[in-house]
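Here is a short briefing on one protein chain and its annotated sites. Start with the sequence and the structure.

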Amino acid sequence: MQKQHIIRNIIVETPSKPGNFAKVATAIGLGEGDIGDITTLKSGALTTLRDITITCKSIEQLDQVIANIEEIGNGVKIHAVTDDVLNAHEGGKIAMKSRLDVRSLGDLQRIYTPGVASVCMEIYNHPEKANYFTSIGNSVAIVTDGTAILGLGNIGPVAGMPVMEGKAVLLDQFVGLSGIPILLNTSDPDEIVETVKHIHKGFGAILLEDIGSPHCFEIEERLKEELPIPVMHDDQHGTAVVALAAILSACKATNVDVKKAKIGQIGLGAAGLAICRMLMAYGVEDVYGLDRQEEAQNRLLKHGGKTIGSLEEMMETCDIIVATTGVSGLIKPEMVRKGQIILALSNPNPEILPSEAIAAGAAFAADGRSVNNVIGFPGIFKGALDAGASAITYPMLIAAAQAIVGHTKPGELIPNPLDPTVHQLVARAVEEAANKK
Ligand SMILES: NC(=O)c1ccc[n+]([C@@H]2O[C@H](COP(=O)([O-])OP(=O)(O)OC[C@H]3O[C@@H](n4cnc5c(N)ncnc54)[C@H](O)[C@@H]3O)[C@@H](O)[C@H]2O)c1
Ligand SMILES: O=C(O)C[C@H](O)C(=O)O
Ligand SMILES: [Mg+2]
């Protein structure tokens, strides 16, 4: 099991004189806490109250940070230490809400009975009208069996629900789609395929999330074949789109021809195999893969990739390294080659911290927080639904990656996911690519 990040909010009062906040920041830094958002809650003549978000690697480190701040004295006081991450999850992050108000009898008759019967019959007689007169075309089922929740492993679908709710929040806020988590009490491929087939009619598309390998491959393939709506396993193809985009941006910045570069993928599970397949579909000639499981390596060979003997050999051979193993700290700084591009994408902790990789000589380095499928999946689903596509194809995924690259600032690997334009651009590119077929 992975070690966790401890995120806490410290409410600190300081005398309203220059330099006092600097003392608090130094105390946090000396305890190796990482400062995030800072909100001034009160700015009085005598004292100032701030809410400071900090991230620590352990509870012991958090205790050290708190002790450091308390030691400052001279009017610097901690009022509270709160767990805002946990608080934000109270009651869950999503809710099914009505878009219409029911205020009068007329509303009731229009929205519900008897009015609704005529809409039912309209759809019965013209099934395609369900797209206009229901929310189906705007709804995405977020399906998990809980077998590969982030890099936390098989913690089950209920423990994975906060991730599924998170994906729903992102679909809503970035592209206006309704994401509805479906938690499966089975990880048997036959049962999953059967269940999704039975419930698909209520959805415009199916997003498979955090389903472990190798069963995720069979499940996605079968559902794609058997359902008339888009199905995409986000950990495979959403991740592959974003990894391709980051690689293209890094190559642009370093004048490297991506198709001629040697690219090494460590971890050939859901994300890793899809990244290799995406790179090969883009035209990269030398894609090398490494996994501790032989069957995962064989899968890559079947898809036309190459394997390599060891982690050390891969780090020596390849110009670009992508890692999706779920193993924090797997890549040691001494393995990094000067000028390498390193994407250590495992969440919640990367195979090597970007700062360590850069200090060890990498030209570009990023982790799974910045190179994250959040940049891809909302626009991919929106574009596919807007196009009325029955499937999500490689040309649509490559168009998504190119839209991301087109919106990336020089010197950066990936755009800011909070920039709403990027999701609109991805959606438009995917829709256009779908319509080209
Ligand atoms: N940044 C993103 O957007 C993003 C998206 C998807 C997945 N991920 C991360 O990628 C990681 C893997 O996710 P997944 O869904 O592919 O899981 P997975 O279980 O399908 O794949 C992990 C693979 O890594 C291999 N592996 C483990 N330790 C290894 C080692 N020491 N050397 C070589 N191979 C090793 C395993 O055998 C397995 O095949 C997770 O941490 C997840 O959070 C990140
Ligand atoms: O959920 C994320 O942050 C990205 C990805 O889907 C993952 O499983 O790590
Ligand atoms: Mg995931």
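The UniProt record, an unreviewed entry, gives the annotation "binding site" to N347 and N372. The two span 26 residues in sequence, yet no two of their C-alpha atoms are more than 9.2 Å apart, so they gather at one spot. Keep in mind that this is a predicted model.

**The annotated binding site**

- N347 sits in the loop that links strand 13 (341–344) to helix 14 (354–359).
- N347 has 19 C-beta neighbours inside 10 Å; a residue needs 20 or more to be buried, so N347 counts as partly exposed.
- Beyond its neighbours within four places in sequence, N347 is in contact with L150, G151 and G368.
- N372 lies in another stretch of loop, between strand 14 (364–367) and helix 15 (377–387).
- N372 is also partly exposed, because 19 other C-beta atoms lie within 10 Å.

- Which residues are around ligand 2? They are L150, V163, D210, D234, D235, N347, G368, N372 and N373.
- The shell divides into two nonpolar, four polar and three charged residues.

**The annotated active site**

- For "active site", the unreviewed UniProt entry lists Y112 and K167.
- These two are spread over 56 residues of sequence and are also spread in space, with up to 30.4 Å between C-alpha atoms.
- Y112 is in the loop between helix 4 (105–111) and helix 5 (115–125).
- Is Y112 buried or exposed? With 11 C-beta neighbours inside 10 Å, Y112 counts as exposed.
- K167 is part of helix 7 (residues 161–175).
- K167 counts as buried, because 24 C-beta neighbours lie inside 10 Å.
- Leaving aside neighbours within four places in sequence, the contacts of K167 are I142, G179, L207 and E209.

**Nonpolar cores**

- In soluble globular proteins, nonpolar side chains tend to be buried together.
- The largest nonpolar core here has 107 residues. Those touching the most other members are I206, L207, A243, A246, A384, A400 and V430.
- Helix 10 (residues 234–254) supplies the largest share of this core, with 10 residues.
- A second, separate core has 12 residues, including I10, V24, I52 and I66.
- I206 touches A141, V143, V196, H200, L223, L227, I229 and V231, not counting residues up to four places away in sequence.
- L207, listed with I206 in the largest core, is also a contact of K167.

**The chain as a whole**

- The chain has 17 helices and 14 strands.
- The C-alpha trace spans about 75 × 65 × 40 Å along its principal axes.
- For 437 residues, a compact globule would have a radius of gyration near 22 Å; the chain has 24 Å, which agrees.
- Of the 437 residues, 42% count as buried.
- Take the contacts between residues at least 6 apart in sequence: 66% of them join residues at least 24 apart.

How values were computed:
Residues are numbered from 1 along each chain as its sequence is written. Chains are lettered from A and ligands numbered from 1 in the order in which they are written. This is a predicted model: local features need pLDDT of at least 70, side-chain atom pairs count only at pLDDT 80 or more; totals for chains, interfaces and linings use all residues. Helices (H or I, at least four residues) and strands (E, at least two) are DSSP runs, numbered from the N terminus. The radius of gyration is taken over C-alpha atoms; the globule rule is 2.2 Å times the number of residues to the power 0.38. Two residues are in contact if their C-beta atoms, placed from the backbone, lie within 7 Å. A residue is near a molecule or strand if its C-beta atom, placed from the backbone, lies within 6 Å of it. Ala, Val, Leu, Ile, Met, Phe, Trp, Tyr, Cys and Pro count as nonpolar, Asp, Glu, Lys and Arg as charged, and the others, Gly among them, as polar. UniProt positions are given in the numbering used here, feature names are shortened, and annotations may be inferred rather than shown by experiment. A nonpolar core is a set of buried Ala, Val, Leu, Ile, Met, Phe, Trp, Tyr and Cys residues joined through C-beta atoms within 7 Å.
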